[in-house]
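The points are grouped by topic.

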Amino acid sequence: MDYNNIRIQDFDYHLPEEKIALYPLPERDSSKLAVYQNGEISETIFRDIADEIPENALLVFNDTKVIHARIVTHTSTGARIEIFCLEPVEPIDVQLAFQQKNRCVWKCFVGGNRKWKHEDLQVANYGLRMMRGRQIGDAWEIIFEWTNDLTFAELLENVGKIPLPPYIHREVEASDEERYQTIFAQTKGSVAAPTASLHFTEGVLKSLEKRHIETATLTLHVGAGTFKPVTSETIGEHLMHDEKVIVSPDCLQKILKAQSENRPIIPVGTTSLRSLESLFRLAKGTNHVEQWAAYTECDAELENLAIHATHNTPLSFSTSLMIIPGYEFKVATGIITNFHQPKSTLLLLISAMVGNDWKKIYDYALSHDFRFLSYGDSCLFLP
């Protein structure tokens, strides 16, 4: 595949500002659901999604939890500085970094960086001092030091804010604490929610169970790169962001069993899909899936995955896998997802699943009052 010939301009569409959902609906499962199957589009309410999914399917969720990644502070002259935690540097393991006391180092975006001269920034109530280290691309190393007995996770809960996506042009409100998390969020580490899962409620999960639809959970910690616009003319010039994945033996067993029984496997969200496809592109003896790994001969050995499924330890790796039109899906046979930004890698992933029909689906949604992006409505693709 010559990905240098795939132009990002071909994945553009007009998204009016008023179509972007600034708030979620009062009830999670009351959003609209577009259903695409066998080339046909229909719509229903999300709470009835179990009626649209094959009875023997396996749904795979992402249980990552959004952290209070945004810290807003001010310089001694009053200039506003916003620090957005992306990933830990010292220690490099996410869970270890959250357990640190008194000091840790993170890679961060810095809003208002030019106004931050040479002083250390302070959050006096918590004895927190922030110092700028070396520059890493368009981000910075930020050294955090604090004098209380809190872990870094506890510190962020107190001084940070939920990081709403950049296209939601409003301040964080108290309701976002609950609504920008899934009901099954468990493993802290994301700076963005796996938004397709925001629609699920206990009632929806019970309706899936009644129809004997199996579920499994894995963890992919969503990075800020998910919002990174594609600025190159072709997708081959775009540098895909790297994200951490954790798959438990139980989840892996369910996936392998569903595959052996030729049952549909439907990831909930692009993060779950990317995790599943990366898992089956993970070459033996490695712990990273490269951006273009899917387009070379380096697929995972199923025997190795089967052996790992019997172990007691999770399978951990990182992925920068790019899924674009022409991709050969190894695991996913459909997807539950929200509507994505124009000219985004997520829209390319959707096109890989449904082909050029993505235009028909998005035109339908725009003309039938669907709400777009993170707090918007949902769709189920069963191509």
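**Aromatic pairs**

Phe109 counts as partly exposed, at 30% relative accessibility. The model discussed here is a predicted one. A search of the whole structure finds 23 aromatic pairs, and the count of salt bridges also stands at 23.

- The rings of Phe84 and Phe109 have their centres 6.4 Å apart and their planes at 55 degrees, so this pair is classed as tilted.
- Phe84 belongs to strand S6 (residues 80–90) and Phe109 to strand S7 (residues 103–111), so the pair ties together parts that are 25 residues apart in sequence.
- Phe84 has a relative accessible area of 13%, and is therefore buried.
- Phe339 and Tyr362 form an edge-to-face pair, with 5.2 Å from centre to centre and 80 degrees between the planes.
- This pair links distant parts of the chain, 23 residues apart: Phe339 is in the loop between strand S17 (335–338) and helix H8 (345–354), and Tyr362 is in helix H9 (residues 357–367).
- Phe339 is buried at 1% relative accessibility, and Tyr362 is buried with a relative accessible area of 1%.
- Phe339 and Tyr362 are members of a cluster linked by ring pairs, together with Phe11, Tyr13, Trp358, Tyr364, Phe370 and Phe372.

**Arginine side chains**

- Arg132 lies over the face of Trp116, at 4.6 Å from the ring centre.
- The charged end of Arg170 sits over the ring of Tyr23, 3.9 Å from the centre of that ring.
- Arg179 is located in helix H3 (residues 176–179).
- Arg179 is buried yet has no salt bridge; Glu178, the nearest side chain of opposite charge, is 5.6 Å away. A salt bridge would require a nitrogen-to-oxygen distance within 4 Å.
- Leaving aside residues up to four places away in sequence, Arg179 touches Pro24, Leu25, Pro26, Glu27, Arg28, Leu198 and Tyr375.

**The six-strand sheet**

- Six strands form an open sheet with mixed pairing, in the order S14-S3-S12-S13-S16-S15.
- Strand S14 (265–267) and strand S15 (288–289) are the edge strands, each pairing on one side only.
- S15 and strand S16 (residues 315–319) run parallel and are joined by two bridges; in S16, Ser318 is the bridge partner of His288.
- S13 and S16 pair in the antiparallel sense over five bridges, and Val247 stands opposite Leu315 in S16.
- Strand S12 (residues 214–221) pairs with S13 in the antiparallel sense over three bridges; Val245 in S13 is the bridge partner of Leu220.

- Thr286 is placed in the loop between helix H6 (270–279) and S15.
- Thr286 has a relative accessible area of 39% and is partly exposed.

**Salt bridges**

- Side chains of opposite charge can pair when their charged atoms come close.
- The side chains of Lys19 and Asp369 meet in a salt bridge, at 3.8 Å from N to O.
- Lys19 lies in the segment before strand S1 (32–37) and Asp369 in the loop between H9 and strand S18 (378–382), so the pair ties together parts that are 350 residues apart in sequence.
- Lys19 is buried, with a relative accessible area of 17%, whereas Asp369 counts as exposed at 58% relative accessibility.
- Asp250 and Lys254 form a salt bridge at 3.7 Å, N to O. Both residues lie in helix H5 (residues 249–260), four residues apart, about one turn of the helix.
- Asp250 is partly exposed at 43% relative accessibility, and Lys254 is partly exposed with a relative accessible area of 22%.
- Lys257 forms a salt bridge with Glu261, the closest N and O atoms being 2.8 Å apart.
- Lys257 counts as partly exposed at 46% relative accessibility, as does Glu261 at 39%.
- Salt bridges with shared partners join Glu90, Arg103, Asp120, Arg129 and Glu145 into one network.

Definitions and conventions
Residues are numbered from 1 along each chain as its sequence is written. This is a predicted model: local features need pLDDT of at least 70, side-chain atom pairs count only at pLDDT 80 or more; totals for chains, interfaces and linings use all residues. Side-chain values use heavy atoms; hydrogens and water are left out. Rings of Phe, Tyr and Trp (its six-membered ring) pair if their centres lie within 6.5 Å; planes under 30 degrees apart count as stacked, over 60 as edge-to-face and the rest as tilted. Buried means under 20% relative accessible area, exposed over 50%, partly exposed in between (1.4 Å probe, protein chains only). A charge sits over a ring if NZ of Lys or CZ of Arg is within 6 Å of the ring centre and within 35 degrees of the ring normal. Lys and Arg count as positive and Asp and Glu as negative; His and the chain ends are not counted. Contact means heavy atoms within 4.5 Å. Two strands pair if DSSP finds at least two bridges between them.
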